[in-house]
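Here's a quick briefing on one helix crossing and a few aromatic contacts. Have the model open as you read.

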Amino acid sequence: MLRPVRPILGVMAAEANSIEQRQILEGIIGQAQQLGYDTAVFSNVFNPNVLDEALLCENNIYNYILSDDISAIILIAESFVNETLRQKIAELLKQRKRVPMIVVGTYQEVFDLPGARFINTNDKNDFVDITTHLIEVHGCTDIDILTGHDHIEVSHLRADGYKQALREHGIPVDESKIRFGDFWMISGKDLAQKYISGEEHMPQAVICANDYMAYGMLDEFARNNISVPDQIIVTGYEYIDRRTLYTPLLTTYRRSRSALGRAAVRMIHDKLNTGDFGDFSPPNGSIVLGDSCPCGRCREQYLKELDALKFKIDYQAWNLFSSLDQDLTNSRNLDEFAQALGKNHWLVRDAKSIFICLNADWYDSEMHNSDNMVCREIVPWLSNDTFEMSRYDFSLLFSNYDEPAAYYFAPLFFSEKYFGSAVIRYDVPDTYDDIFRNWIKTVCNSLEFLRMKNDIQYLSQCQNLSSQRDTLTGMYNDNGMEKAYRSASPRSGKELCLVMLKICLFDETVSEIESDHRINAVLDAAKAVGKFCGNHDISAMINPNTFVCLVQSSAGPELIADCLSSILIQHRKYMDSFGIGSFVCTAEKCEGQSYREVLGKCSEEAEKLVLDLSGRRLLNHYREMSEMRDYIFMDPSATFDTSSLHERFSGSTGYFRSVYKQCFGSSFHKDCINARIAKAKYQLVTSTMSIMEISEKCGYLDSKYFLRQFNSAVGMTPVKYRSLLKS
């Protein structure tokens, strides 16, 4: 298996598109690129304050932090404002306790994990700087502070900085001038109203502990013709990049978040190379001048902000009026879907590459979030071939590029269905912003629409289901099988056994034509199940991918399951569509258990088999070997000439045999025999042909040789097998 060519820093954030997170990420990514690290950013994209059931699924994106490819973790702690989500993140991080971890932001007990190191800017020092500016530059001695909630530590730290600056300048501290708000605009508006009405004394200046409260205050002053800064100076904190929307232009303080991000990466680098994080000194921020204090704006800074705003407005318009949603809605399959995304890739600002990575079972309404992912790049000038990867194996995403880059993992989901992720590669530290939400929302909704097309196409042919019958196959459905199970009793000398066959595994087809093709394959599989059950046993299709049979037999469960597999292998329509690696079969003795109990055991065993198949599909040459295996099982007589089969593989014979066994756990020679024996089993169970006729049908010129080989492979003679398995 490939390994990433560079160490990967995993960064966990919420709403990475917001300005606060982007400033920290700019520092992280820039420093990581300088030191030769790739950066993987895992973030939800919607409001983390809202615990909307329809949005909870997006937080599955954080499970990627469990990847062994991640060398170290940086957590932007303050972005996780929701308590439930914080707990989820903490539980995930506990599983990575051996990985170096830096927590950026205010201390939070839930993230105080073994080996983690907290770093942050110094709120107290920042407010010393702001207050000192008002005193020394503007001569203010009457200054109020509007800080945050009384119960939050950071609110008091910011007030402490204010008080320290007053004391250092010989100004008495009046505790009544420290006012607690809620870090939102309403607090600024309320305090401004009190100043205007005379309920509170209007000071020379007021320091707001974040920009939102300052904006609320500016708006209220403007509505009431209070001149800022002539009548009162107003300053903010945090610099949230919205100054151009308010008047007058706010003087605020920019925390050095970018420097904080750079420091986090340097500490990670030291830890990985020396075993110690080293020292940390909080970086100093800086005042961003505006018109809400007498200093006035910095023209260069103001023009830079205007350019950024114009750029954002342009992209908002391009996203709003693009044909992306219509192009995706018109897509009939994943190929067309990827082409539509590729056509509109430029809507994601600065992206160098975009991968769409979907769970292998993303289209299934009863998806279990397979660990296998089916991925492709959608940017038109890059390779758009699909490839499979394990959910936590990032090598195929990160190993194709020479220079370190940033990879943003954004969730693709709809309601409770988690489809996978969009992975966006950037070569620059400044990455996606709020506009990205429109793009990712459109992609998510369109994926669900594409998935529903498949379901509607299938269900339209399965209408008017009775309470106990599946109209497509005529078999019992789950309810019908449960009722039949309760009344079933075996004949003398027989035991009841429940057999489960799961088909169409790893199905990637979703178009209308492919859906018709799939239905024909399912009907062919249903015929195979019918032959297996005969006239005495009961069959059911309990969901679109699963058949269940209730059989009475003297044979053991393993032999019974193998018999059904052997029969299905001989059905060409199904095999041509999906191949031998697309199904699993398991069986359990009923032994007095309820239908649900024995069904659960079958399902559990089937899931283990599916998981094993999923892992094998990730091996090198699997697809090539799988085509070879399908060929030999569908044409067993061809296996008597193995030299011609080897010629179908470009490598050496020895390498071919080694790779084949690694992919399937069975040697090529043994599978050649298994293919012939499977055909023999099919004939023994479904026909009345003699043993000699079956021997010839399977390509054996010597019936005695056939008998020896069958007995060796199955552990019994063909006659005994027929007596045990034939209904």
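Tyr-107 comes out as partly exposed, with a relative accessibility of 43%. Keep in mind that this is a predicted model. A search of the whole structure turns up 36 aromatic pairs, and a couple of them get a closer look below.

**Aromatic pairs**
- Tyr-64 and Phe-394 have ring centres 6.2 Å apart and planes at 50 degrees, so they make a tilted pair.
- That pair bridges distant parts of the chain, 330 residues apart: Tyr-64 is in the loop between helix 2 (53-56) and strand 3 (70-76), and Phe-394 is in the loop between strand 14 (387-390) and helix 12 (395-398).
- Tyr-64 is buried at 2% relative accessible area, and Phe-394 is buried too, at 0%.
- Tyr-107 pairs with Phe-118: the centres sit 4.9 Å apart and the planes are at 50 degrees, so this one is tilted.
- Here Tyr-107 comes from the loop between strand 4 (101-104) and strand 5 (116-119), while Phe-118 is in strand 5, so the parts tied together are 11 residues apart in sequence.

**Aromatic cluster**
- Tyr-64 and Phe-394 also belong to one aromatic cluster, along with Phe-42, Phe-398, Tyr-407 and Phe-409.

**Helix 1 against helix 8**
- The axes of helix 1 (residues 19-35) and helix 8 (residues 257-274) come within 7 Å and cross at roughly 40 degrees, so the two are oblique to each other.
- The crossing is right-handed.
- On the helix 1 side, the contact residues include Glu-20, Ile-24 and Leu-35, and they meet a helix 8 set that includes Arg-257, Val-265 and His-269.
- The residues in this contact split into 5 nonpolar, 6 polar and 5 charged.

Notes. Residues numbered from 1 in each chain as written. Predicted model: local features only at pLDDT ≥ 70, side-chain atom pairs only at ≥ 80, totals over all residues. Heavy atoms only, no water. Axes fitted to C-alpha atoms, helices over the stretch in contact; angles between N-to-C directions. Helix = DSSP H or I, 4+ residues; strand = E, 2+ residues; numbered from the N terminus. Parallel < 35°, antiparallel > 145°, perpendicular 65-115°, else oblique. Left-handed = near helix turned anticlockwise from the far one by under 90°. Contact = heavy atoms within 4.5 Å. Nonpolar A, V, L, I, M, F, W, Y, C, P; charged D, E, K, R; others polar. Phe/Tyr/Trp six-rings, centres within 6.5 Å; stacked < 30°, edge-to-face > 60°. Buried < 20%, exposed > 50% of the residue type's maximum accessible area, 1.4 Å probe, protein only.
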